[in-house]
Amino acid sequence: MDASLLIVIAVGLFVIYAVIQYNRLVRLNVQVDEAFAQIEVQLKRRADLIPNLVETVKGYASHEREALENVVQARAASTTASTLPAIAAADGALTNALRGLLAVAEAYPDLKASTNFLQLQEELATTENKVSFSRQFYNETVRTLNTAVKTIPTSFFVGLAKVGAREFYEVDDPAARNAPNVKF
Amino acid sequence: MANFRALQAANKRKTFGLLFFMGLLVWLIAYVAISSFGGTGAGVIPLAVGISLISVWGSYYASDKLVLKMTRAKVIQESDNPKLFNLVNEVCIASGLPMPKVAIVEDPAPNAFATGRDPNHALIAFTTGLLDVMDRDELQGVVAHEMSHVANRDTLVSAIAATTAGIIALISDILMRMLWFGGGKNRDHHGNQMPIFLAIIPLILAPIAATLLKAAISRKREALADATAVSFTRNPAGLRAALEVLARDNTVVQARSSAVAHMYIESPLDASAASRLFATHPPIQERIEILRKMESNPLN
């Protein structure tokens with residue numbers, strides 16, 4: 001009588017424990033999805049800004065064909081990428097192309113002084129920051145999920161929750177590699 | 001030790017330790033109350049807890065509205081300052097926090113603060129002086145520092161600190177009055193109680209100790225907010241440059257009061273007026289040094 005009651009309590013406690021661990025894994029997995037959606041929102045915002053930027057720069061520096069072409073091509077490539085590594089690679093290429101275009105623009109005082117460009121400048125600065133912060137936040141969520149997937153006790157419930165380790169969003173960005181900023 | 005994760009963990013441990021000492025102080029003062037005043041002493045405790053809870057937690061729940069009144073801050077819309085909203089939005093993306101309300105204080109002294117009872121009711125405010133003198137990276141550092149207070153729930157931590165300090169102050173105050181106006185009679189009836197003159201010492205010292213602990217907790221939360229800000233922006237140089245601007249500046253916020261001093265990024269009070277132990281903020285040069293170490297040695 002007493003022993004069976006103890007067993008019932010023990011099983012009950014285990015079920016509650018399993019539900020908590022299961023929910024934690026599922027919640028972490030959903031957070032990774034949400035963080036990835038945020039990256040896509042910011043990439044879309046940036047892609048939408050580019051035609052306006054290209055037109056503005058063309059008006060003052062039409063013979064900087066290479067820098068302009070790079071941006072247009074990188075933008076086109078980024079809109080067709082579908083897998084995570086492809087999206088990350090296209091994202092990195094577009095970041096670099098944009099940096100190149102803005103470096104070229106430095107040589108044109110008329111362009112830099114134009115109202116259109118001044119308005120775009122703040123938009124570009126904030127969008128670039130939002131893209132990079134959303135990448136960083138995504139990688140944080142992946143790190144938390146992957147740690148949970150690989151460490152005890154959550155690792156016991158990975159099969160049950162049908163949740164696995166996820167891929168990091170890695171951008172090949174030469175500037176980021178040389179920057180003193182913290183990257184893990 | 002310049003790693004922001006290690007700094008964050010150490011700061012959290014220290015805050016926890018300080019709150020623990022606060023709890024001990026409450027027990028000490030309650031013990032003194034009961035052992036030297038008997039039944040009346042015990043009756044004082046729920047009274048003090050009640051008054052302190054009502055006053056502090058009332059202001060905690062209405063913190064965003066109350067603070068707006070006390071600091072004369074005005075909530076603004078995105079169209080009023082798109083660049084500031086961009087900066088706040090960036091930090092929200094980096095931290096995963098919801099967008100807070102943004103407010104402006106018409107004041108030439110550069111400063112900023114955060115309030116609100118939880119991340120969904122957060123409010124961050126900036127003085128016009130701050131917005132005028134800082135560039136984009138510096139502003140981003142300040143925004144990240146304020147959002148760190150929101151993320152670390154510093155309004156809650158300071159409400160807990162203020163409540164316990166309030167309980168201690170109230171119990172001491174009531175007991176001191178009882179001592180003056182008839183505590184002696186009490187002693188005559190109960191011979192086994194602690195002598196009154198022994199009770200005076202903790203009654204005087206406990207409120208002072210509680211105030212010191214409250215200030216120490218506030219300083220730890222400021223240091224924690226700096227470390228958390230860097231974990232959001234990964235750019236210690238921006239916040240460091242912003243603190244240098246604040247350190248160079250000598251003007252003080254006009255609508256200042258010690259009641260809201262702990263909320264600002266830099267203490268709005270005269271530095272000379274507050275001694276180091278009672279200060280709500282760590283010395284700004286010390287904060288700049290820690291950020292410098294993070295810049296030069298990001299992976300240690």
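Predicted model: local features only at pLDDT ≥ 70, side-chain atom pairs only at ≥ 80, totals over all residues.
Close-up 1. Helices (H or I, at least four residues) and strands (E, at least two) are DSSP runs, numbered from the N terminus. Leaving aside neighbours within four places in sequence, Arg46(A) is in contact with Asp91(A), Leu94(A), Thr95(A), Leu98(A), Thr127(A), Glu128(A), Val131(A) and Arg135(A), where contact means heavy atoms within 4.5 Å.

**Close-up 2. The aromatic pair of Tyr17(A) and Phe157(A).** Over all chains, a search of the whole structure finds five aromatic pairs. Rings of Phe, Tyr and Trp (its six-membered ring) pair if their centres lie within 6.5 Å; planes under 30 degrees apart count as stacked, over 60 as edge-to-face and the rest as tilted. Tyr17(A) and Phe157(A) are edge-to-face, at 6.2 Å centre to centre with 70 degrees between the planes. Tyr17(A) lies in helix H1 (residues 2–61) of chain A and Phe157(A) in the loop between helix H5 (115–150) and helix H6 (158–161) of chain A, so the pair ties together parts that are 140 residues apart in sequence. Tyr17(A) is partly exposed, with a relative accessible area of 35%, whereas Phe157(A) is buried, at 8%.

**Close-up 3. The aromatic pair of Phe36(A) and Tyr169(A).** This pair is tilted: the centres of Phe36(A) and Tyr169(A) are 6.5 Å apart, with 55 degrees between the planes. It links distant parts of the chain, with Phe36(A) in helix H1 of chain A and Tyr169(A) in the loop between H6 and helix H7 (174–178) of chain A, 133 residues apart. Both Phe36(A) and Tyr169(A) are buried. Ring pairs link Phe36(A), Tyr138(A) and Tyr169(A) into a cluster.

**Close-up 4. The cis peptide bond between Ile152(A) and Pro153(A).** Omega of this bond is about 5 degrees. Pro153(A) is in the loop between H5 and H6 of chain A.

**Close-up 5. Positive phi at Lys162(A) and Arg72(B).** Most residues other than glycine have a negative phi, and most peptide bonds are trans. Lys162(A), in the loop between H6 and H7 of chain A, has a phi near 50 degrees. Lys162(A) is exposed, with a relative accessible area of 75%. Phi of Arg72(B) is near 55 degrees; Arg72(B) sits in the loop between helix H2 (63–71) and strand S1 (73–76) of chain B. Arg72(B) is exposed, with a relative accessible area of 58%.

**Close-up 6. Packing of helix H9 (residues 236–248) and helix H10 (residues 284–296) of chain B.** The axes of H9(B) and H10(B) come within 9 Å and cross at roughly 160 degrees. That makes H9(B) roughly antiparallel to H10(B) (angles over 145 degrees). Residues making the contact include Leu239(B), Leu243(B) and Leu246(B) of H9(B) and Ile284(B), Ile288(B) and Leu291(B) of H10(B). By class, the contact has 10 nonpolar, one polar and five charged residues; Ala, Val, Leu, Ile, Met, Phe, Trp, Tyr, Cys and Pro count as nonpolar, Asp, Glu, Lys and Arg as charged, and the others, Gly among them, as polar.

**Notes.** Residues are numbered from 1 along each chain as its sequence is written, and chains are lettered from A and ligands numbered from 1 in the order in which they are written. Local features need pLDDT of at least 70, side-chain atom pairs count only at pLDDT 80 or more, and totals for chains, interfaces and linings use all residues; side-chain values use heavy atoms, with hydrogens and water left out.

Note on methods:
Buried < 20%, exposed > 50% of the residue type's maximum accessible area, 1.4 Å probe, protein only. Axes fitted to C-alpha atoms, helices over the stretch in contact; angles between N-to-C directions. Parallel < 35°, antiparallel > 145°, perpendicular 65-115°, else oblique.
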